[in-house]
Amino acid sequence: MRSMSNRIQVLVILSILLCSTSMNAVARSVHSTNEVDIFPQGEISSDSTWYLDDKITFTQDNADYTVSMVEDNRITFEHSRPANLQPVKLWSQTSPTNSQNVNGAPDLSYTYTKGPVIEVTDFDATPYDQYEIIAVNILVAFHIPGALLQDQVRFSMNNGGDYHELVTYVNTQNPIDYMNGTTWSENITDKGDWSWSDLQNLIVTLDYVSLGTTDDTQLDIDAVGLSVLVEYPWYGTEWASVESTSQGFEMPVFPINFESGYFDNLQISNCGLSPVSQGVEGVWTSEILTSQPGQSFGRIHFQVDNSGNYLIEVSESINGIDFTDYVAVSTNDLIDSEIIRVRVKSSDTCISSINLDYNDPTLVIDGRVFGSLDGLATDYSRWKVFVNGEEASYQLINQLTTFSVNVSIGQFLDSGINDLTIKLQAWFNWDSSGNQSTTLLEITSMAVSGGFEVEWDEDPVCQTIGPQYFIEDGLGILIPFLDRCVDDRTNSENLSVSFSVADDSLLSATVVQDDIKLVLMPEQFGVTTVTVDVTDESANMWTETFVVYVEEVDDMPQIDEFPSIVPVESDVSTTIPFSYFDIDSTGLTVTTDKSWAVVDLSTSTIIVSPPTTSSSTPIVVTVCDQTSCVNQTLVLEVLTLAELYIEDIVVDSSKIFEGDVVPVRIYVRNSGNSEASLISVRCQSGDTLVGIKSIVMLKSGELGVVTCDWKQTDSGTKSLTVELDRVNEILESDESNNIGTITIEVSQSNSDDSSSNSLISTSTLWIFTFVIIALVVVLFSAFAPGKIKKL
């Protein structure tokens, strides 16, 4: 059984894991930051992205003298007024010939003549003498009621003695009428270098020349005047505009979320952030606000529903830990910090919203005013910049100059992906004396700063692994993994995977060919967690911690295999060792299916006494714990065996000297139930082999003898070891009694007697041997059958 401490540890781990869930980490990194032109139309490269318009102020009529153009990478507002040429009419005031009804404007009241001339002069120019004379026409309202057959009508003028004939009518076939609805006119501009004095004193003569005895008709004169074209004063106002919208850009604006903050007597209401109790000051403090990577907060913009008692303050930090004291700010104030906190205090005012822009977005416009400002009302002529429909800048057109206008526009931007509309509109007011004039407002460049883009290197994303369930000592598992991971910049095969196993004695986790390999440790159970981290080339990480459950199983007992066959002797008790164990249990039982095979658990042996011989006798050995059993078969080869042992080792000589050859007789007995043949007997003294003898056969109970001649080369105590069946070629019931040893004392050879005795002893031995051989031959001859005779 497992220890109680291990079970307690598993329970603790399980209780912790039940309170936790797997987690995927989100810790993306910045790949790069780039400036973004959120108003690319500022390059002014194409007029197709701009909407142009012009109007007469306060009307829907198009402007006459003001246009806007987008050409040659520039925007131009052109206000070009022509000279305001207006005709003024001067009618004669006096007649040197005292002609009646010829002065003043035409009124169909006239005088006539059939011969006497009519002269007029004194053209009143007083109301117009401040204007410049452009052209002069002479006007005559007259009538010739009949045809001129021989008479003539002649008009002429006298400019200070410089006479000019204007027109002569002669031989007309019909009446001439320039009195009723029309007036005769003649351009006299090139007939003099006119001044208002010249015009005022000009004398015009109207003459009916009678050439016959009778008059053909008469000349009726209603009025004589001058039509003078002058530059006449005038005024007016017109405007022109250009407008363009950029779309699909992320505006550099950070809206502050009132919900992510700390409230003290302030609350979120329909209007925004308002006091809980009207008249009682409350405080709201934001969380730590950090700008986007590589950017800084620019200006703060806030809106309130009503003016009252409120205060908005900002505290700055460099490291996000240490903050400056709070400083009061007004809307649109510049902050220029990367880490801030915002605090709002209010007792009676609702704060609708607070926005922070990034990098103080600024519209920069470069250009010039050139041409002429003559006649322009510079106090009223101006141009404006509108951002998203709100006026962002106001500039007078009051001097010819170059300019660069910088306009902070963060207050006009909305957060998120939104449109940005910029409109330039120029008003031209004039109060002119009538002369021609052209004024041009030219925008040579326009750009919006502050836009940015953060390219993120996102974390890898992998399919969730989830909890895994195993059985103790069960098979592991391969979970397909890397081919189910994606990353925005790193190929899945280049993702790195690492593991952390809370209890590595329970299982191991590795990656094998893009798969997660979980392998259980033997004989272990419990609960653990495995945390897998997947890292891309930028060290962004996806992490999941999943739970692994290994269910406990009561293991079966184990018994080692027996040799393929175990030889034993019939009716002889043989002890056979065996090995068994159970990792989960201690109270085991071991039994056999043979009554003559008894198990001794104290020595882990089986004692067998097979009653009969057999080439294969199986014994089923069963080991059981409290829940299961396991069998193993022990196969016996039951034999009748020889049993060899050295019964005696005999040395005949009682006194042995150095140099003697000592015969040693070895008596070998077979006490077994089976005969033994070719029994080797090995005699060895130390490392010296004395001899190897052989006994051809010993039947059961027989005694055999061999002799080893042991030559003594030096004196001292000598030992001789005798070993039977050294290579175990003969099956015996006991192999441990095949070795015997004797010890003798060898004396030094220091007299002839000893040598003679040694020689006599050897001679005597050889004589005895020859006598025996001769005796055997005689006995064979005496008792052998007679010769077979041939019949």
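Cys 271 is partly exposed, with a relative accessible area of 26%, where partly exposed lies between buried (under 20% relative accessible area) and exposed (over 50%), for a 1.4 Å probe and protein chains only. Its partner Cys 350, by contrast, is buried at 5%, and a disulfide, meaning a pair of cysteine sulfur atoms within 2.5 Å, joins Cys 271 to Cys 350.

The model is predicted, so that local features need pLDDT of at least 70 and side-chain atom pairs count only at pLDDT 80 or more, while totals for chains, interfaces and linings use all residues. Residues are numbered from 1 along each chain as its sequence is written, and side-chain values use heavy atoms, with hydrogens and water left out.

The count comes to four disulfides, including those in the table.

| Disulfide | S to S | Torsion about the S-S bond |
|---|---|---|
| Cys 271 and Cys 350 | 1.9 Å | 110° |
| Cys 624 and Cys 629 | 1.9 Å | about 115° |
| Cys 683 and Cys 708 | 2.2 Å | 70° |

Cys 624 is buried at a relative accessible area of 14%, whereas Cys 629 is partly exposed at 42%. Both Cys 683 and Cys 708 are buried. In sequence order, the bonded cysteines of the chain pair as 1-2, 3-4, 5-6, 7-8.

Turning to a sheet, three strands form an open sheet in the order β46-β50-β49, with antiparallel pairing; strands are DSSP runs (E, at least two residues) numbered from the N terminus, and two of them pair if DSSP finds at least two bridges between them. The edge strands, β46 (574-577) and β49 (597-600), each pair on one side only. Between β49 and β50 (residues 605-608) there are four bridges, and Asp 600 stands opposite Thr 605 in β50.
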